[in-house]
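User: Please look at the contacts between chains in this model and take the questions one at a time.

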6 protein chains.
Amino acid sequence: MFFHVKELQYRSKPDKPDAVYAKKLQEVLGGQFGEISVMMQYLFQGWNCRAEQKYRDMLLDIGTEEIAHVEMLATMIAQLLDKAPVEEQEQAAKDPIIASAMGGMNPQHAIVNGLGASPNDSNGYPWNARYTIASGNLLADFRANLNAESQGRLQVVRLYEMTEDKGVRDMLSFLIARDTYHQNQWAAAIAELEEKEGLVVPSTFSREYEKSDVAYTFMSCSEGTESEQGRWASGPSMDGLSEFRYEAKPVATGQVPKLNSAPGYIHDTPSSS
Amino acid sequence: MFFHVKELQYRSKPDKPDAVYAKKLQEVLGGQFGEISVMMQYLFQGWNCRAEQKYRDMLLDIGTEEIAHVEMLATMIAQLLDKAPVEEQEQAAKDPIIASAMGGMNPQHAIVNGLGASPNDSNGYPWNARYTIASGNLLADFRANLNAESQGRLQVVRLYEMTEDKGVRDMLSFLIARDTYHQNQWAAAIAELEEKEGLVVPSTFSREYEKSDVAYTFMSCSEGTESEQGRWASGPSMDGLSEFRYEAKPVATGQVPKLNSAPGYIHDTPSSS
Amino acid sequence: MFFHVKELQYRSKPDKPDAVYAKKLQEVLGGQFGEISVMMQYLFQGWNCRAEQKYRDMLLDIGTEEIAHVEMLATMIAQLLDKAPVEEQEQAAKDPIIASAMGGMNPQHAIVNGLGASPNDSNGYPWNARYTIASGNLLADFRANLNAESQGRLQVVRLYEMTEDKGVRDMLSFLIARDTYHQNQWAAAIAELEEKEGLVVPSTFSREYEKSDVAYTFMSCSEGTESEQGRWASGPSMDGLSEFRYEAKPVATGQVPKLNSAPGYIHDTPSSS
Amino acid sequence: MFFHVKELQYRSKPDKPDAVYAKKLQEVLGGQFGEISVMMQYLFQGWNCRAEQKYRDMLLDIGTEEIAHVEMLATMIAQLLDKAPVEEQEQAAKDPIIASAMGGMNPQHAIVNGLGASPNDSNGYPWNARYTIASGNLLADFRANLNAESQGRLQVVRLYEMTEDKGVRDMLSFLIARDTYHQNQWAAAIAELEEKEGLVVPSTFSREYEKSDVAYTFMSCSEGTESEQGRWASGPSMDGLSEFRYEAKPVATGQVPKLNSAPGYIHDTPSSS
Amino acid sequence: MFFHVKELQYRSKPDKPDAVYAKKLQEVLGGQFGEISVMMQYLFQGWNCRAEQKYRDMLLDIGTEEIAHVEMLATMIAQLLDKAPVEEQEQAAKDPIIASAMGGMNPQHAIVNGLGASPNDSNGYPWNARYTIASGNLLADFRANLNAESQGRLQVVRLYEMTEDKGVRDMLSFLIARDTYHQNQWAAAIAELEEKEGLVVPSTFSREYEKSDVAYTFMSCSEGTESEQGRWASGPSMDGLSEFRYEAKPVATGQVPKLNSAPGYIHDTPSSS
Amino acid sequence: MFFHVKELQYRSKPDKPDAVYAKKLQEVLGGQFGEISVMMQYLFQGWNCRAEQKYRDMLLDIGTEEIAHVEMLATMIAQLLDKAPVEEQEQAAKDPIIASAMGGMNPQHAIVNGLGASPNDSNGYPWNARYTIASGNLLADFRANLNAESQGRLQVVRLYEMTEDKGVRDMLSFLIARDTYHQNQWAAAIAELEEKEGLVVPSTFSREYEKSDVAYTFMSCSEGTESEQGRWASGPSMDGLSEFRYEAKPVATGQVPKLNSAPGYIHDTPSSS
């Protein structure tokens, strides 16, 4: 069960309204790697957790924190929208550089949301649950989480660069720091699991059932051999079980497919004879 | 530019048709972590690559290989659908266990696709481009790739467990082995980049602009302290720059939000006075 | 069966083209609470109606009227797009306030639709059938309808405020009036049903099967007690069957969840021992 | 900011696993009127609230409670999936009625989620943010909320009828009771606002700008006059400002539309002359 | 404006309920090539029509007829759902072939729609407006229409094969005949336009601006030369302006792409030096 | 299997960056009729092909070529985004006409993609697999392909008109020419199949099962008789099997629908008695 306190986790107050920036900021609220995504991802991973309780507890800790980040961003966006679209037009009239850079606020912020935040991204595309990854295999999922925090911090940093508003930047600097921690956190959790399970997910599938002769080979399906220079093309494999190989000219070994005719009641293209 | 050869990369032929399994197998063709996703992801990362040419080359190598995996799976599914839905009904009639386990084929396989594969997942939900991650920051994206290969191998393994068909299993054992390599590959590429850039993405954002006092702290937003037992709660941080801290009772430090009234032309709830 | 007459239900003609306003006006054509939504919602409620014929007849009456509203809006948008994007650029060049306020027309209006209306919202997001509510329970659905007409009138009013074009405003004043009637209509239909069935949907589920001790209690899951001041926190309940109660400190009464391990063939995180 | 306690708000434990019912139960977790929808809807309405603080507080109270309902349902679904799909097949083999009624579990529950809940509906369609209504006008939004709780209780009741499992029914009886309260709550809040503002949303738009002669008229756009028998066709209007009228043969008063040719650079169908 | 008569365009009554077939039949109601698609497509093409009035009139004629087809299918589906899911289970228990063929009804038909039709396809995926094609160029759009009627008739025919119910088949035989006419109709309209404009859409773009040396060449980008045997590989081109050519070994003539580094504030992968 | 060469199929290099045009150009990369659509459509039609091998070979030829078109467009867009958004602002400041015409770049090009192309359309809406048509009936599908190439060439032509950049126009003139060929190609393939099968898809369904009396009749469901003037209203039908007829006043011949009550456990509106 959950409880709410009225104070935000951290201060969220812009120096002045900016409806166009509000549109952009929606990306890290309702975009693929926005706060709603990590909130839902960590909570569902926690609720579905069939492993050690410390993982469940940790996932619900961080999932609960992310609800607070959603709250901070929604609050910030609502304040950035204060008095739009009037403000927007007057300000633009004074300064053509600002005007041209704007590209307009999101019309739904006014028409649909009455100057409120919405669970959409910076193009107004709605958040959807396919952004939520929860596979039941924690090593796989923690890699999803490390990716989410990497993409997320990258996007927040880009948004930091796009504004001069001190209030906005102050809040973003908090979120950026939390993403620094969360990247460290998932890296630590991954290290802990890899130590037990090894590199390859899932670790529980017997290696004898895989086609082992292609399990450590880079296949160069394109012209050129620049790709041979990487760590992935030679030396010991990262799981410590084999050596990387580089195959410059991979060969197709499968059949030339020839499908049977469809039965008559399917009414595919009739046989030609 | 691209060229096609008629042979499949690896043999793709079921022992016998199985329309219900065809529906399930769609997951790793057109699902979030199916072969279409990695094909598009690696190709777009390659085409957008502004970094060293060896990364571009490598991405296009593997992206091109993934088109061949899409081809193998589409071919397999079309063959699994041979003679459906008649076959399905007769077989089911003989064996109630099979019948009950089936849960029916995907109706669109017959009505819409005429016994062909489609770019949808195992629930018939269409593949969409939000599954494609290409941020321009390769360390972030390679983590997305490692995750994709982890989720992908996990799903293929689960599908391997769900069939006894030797032909299907043979093809899956090839895909599983390639996923083993690809997990190793992305782990190697990540190691190479982390050595240069450090752990935290993006590495180019100056740390002085982040709220550094919360950059290494685990915040326990839920009851219980099981989460204190993990590697993420104490000891040196994974980026080597600080020490992990555990905050058992995090405190909200932000304001209690109070939004201004909306202007009259927005027609939000009128002021009460 | 349906028939069409050539005249629009009401005059739909702008004083002059305005491609940017055309983009915004799409919201009440193809958005969540646009005319396509109510058209489909009332028609499907009518076609599925298993209750008294007067409800079916009424639903098909209003559903058929809404097709005419879709027609009026599509016609208006096509006329607002006349001569775009050339018109748009020249006008903008003369007046930087207009220019800055524009934020550009929807590129698909030119590239995809050749200066025609489309069944999308003001961000170009396509109308989809999840906007259509038809549950088979008319009291529930009439509440959905009252909401749709409330959101709809609110959006049309906001759009009225965003233009000075007399022709557009004339047409909107017609739609606003119809929404006034339709809010009254659904309120009347709801009153009629509530008189027969009572307030709570569905009325046919025996109250003895619900956990009655929490059926009239407000639970304050957040700090602060401002929420105690509302009509919902004390006094007789709206269904006339009990008294409202305010629970300032609700208590979690469920178990601490502990899930079983997954079977081996699922390849979730392996047991730790 | 938010905090979590480990106990569920109410007991959530099935008597035995049932993977097929788990699929159905997803509807009230991740469907249009599932718990995720009301959670997001109340939280966003609260965060965006520019009206009296008691409404903000109330919205965040109930929004926070809904997170706990999401938690209960996710936990229930994970337990219903215990040991699937093996359990499912064996049980089905014994009893053909069960077998035929099943129609199979959701394949993604095994392949994608490793026997965990997901934020999707009963057809595996992902929850998306277009289900979230937050307009800034509380009277409009509370009608959305009353509808959501009506559709929600209806769906939970239908799911109650579809199972004999005592543990599941016990939890559903709790949710049904809460929906009883929440219908009462929104009805109370609506009554409070209607008393101040009147029936028609938005109340702040001057009636002189609407085409008043069609603001109280039912238009019978279909054959038959059964629709004349309702409360909506005669008597005083619900807002108390006029009388309902019934127009048996509404007349189209608008123009016959004739659109101008598109400019040449648009390449629409060329003029015929 | 539109008017409704109570009689269906054609009889729509099944011999007996069949909830599983109802699920399949949804494809031609709410699927990509279902009746909602053609209804919306023809209406929007008509409303947006800037060409001769006879095309506008014709499009609105057929668009209006399609609303009647939507009505017939919705009515049929509601009747097929009569008494489900009870009927379904009892029938299944008696006949394992039926049971196994069923694969279950769509759970939303009961939980969400209360035994009514919905605007979704046979997998429960919602109809969306991206299915609607209206480009402003009638020759292009009539080709879209001919395709829609071809895919549509194909799907209805497949559904005809999947049932023995005489009532259902009777209605489908009506729809199939209308699709026969509509294929003829669009073929006629296309012939009329091609006579005026020629084959290539858009006809108004000057041929001198296209790279004419590749405008009539088949490029064999895959191994094998079976594709040389078709009408498209030799002989006069269909537009009568040139000769088809077959290029067995097409050559890439573009540059090897090399992208510039991103500016620092974008935080892409840093330059390696 | 597939192989890649480093050179693009044709030169793809803009004269100078233009972030706003990059947004528009996305339409023909990731829109409904963009290159990703035809790539996927032809490849899936090829992989699923159960007809003569020359069709399979031809489909894979052209499908493989389309991957190269995707590559050219992605490369072009990445180059158009060079140095955005800084470039964009400075240029706009100098020329208010350009500024006003811009309407801003796609914010995700910077925030999400780090100045790279994405598989989305010009409104940022993601490509999805419902754009892919592959029915197993080649005559139906080739009509879909002819439509796709018609809509596609139309869109590319419109985009050609929207830029003065010589480099961009050069590449578009190549794509336009290929679309000229592809329209000719599908017209040729259609002619070949129609000669064998006749006009109506599917040709294999016996005409005796369709309601033949309405198979050649135009039904005028709207007022006015302009639609009588077309080729579709009189003369021999296009399939050569009958005569077109024009029905000025079509009559509804079906029943007035009356649905049965729902069973009690569905909790639809209760019977009124």
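User: How much area is buried between chain D and chain C?
Analyst: The model is predicted. Of the area buried between chain D and chain C, carbon and sulfur atoms give 59%. D:Arg130, D:Tyr181 and D:Trp232 supply 8% of what chain D buries against chain C, more than any other three residues. The area buried between the two chains is about 9,500 Å².

User: Which residue of chain C meets D:Glu210 in a salt bridge?
Analyst: Across the interface of chain D and chain C the rule finds 6 salt bridges. For D:Glu210 the N to O value is 2.7 Å, and the partner is C:Arg153.

User: Which helix gives the most to the side of chain D that touches chain C?
Analyst: Polar contacts across the interface of chain D and chain C come to 74 residue pairs. Helix H4 (53-80), helix H8 (138-161), helix H9 (166-197) and strand S2 (217-219) of chain D each supply at least two residues of that side. With 16 residues, the element that gives the most is H9(D).

User: Which residue of chain A meets F:Lys6 in a salt bridge?
Analyst: The contact of these chains takes 34 residues from chain A and 44 residues from chain F. The rule finds 1 salt bridge across their interface. Its N to O value is 2.6 Å, and the partner of F:Lys6 is A:Glu226.

Terms used. Residues numbered from 1 in each chain as written. Chains lettered and ligands numbered in written order. Predicted model: local features only at pLDDT ≥ 70, side-chain atom pairs only at ≥ 80, totals over all residues. Heavy atoms only, no water. Contact = heavy atoms within 4.5 Å. Salt bridge = Lys/Arg side-chain N within 4 Å of Asp/Glu carboxyl O. Buried area = accessible area lost by both parts, 1.4 Å probe. Polar contact = N/O pair within 3.5 Å; in protein donor to acceptor, adjacent residues only side chain to side chain. Helix = DSSP H or I, 4+ residues; strand = E, 2+ residues; numbered from the N terminus.
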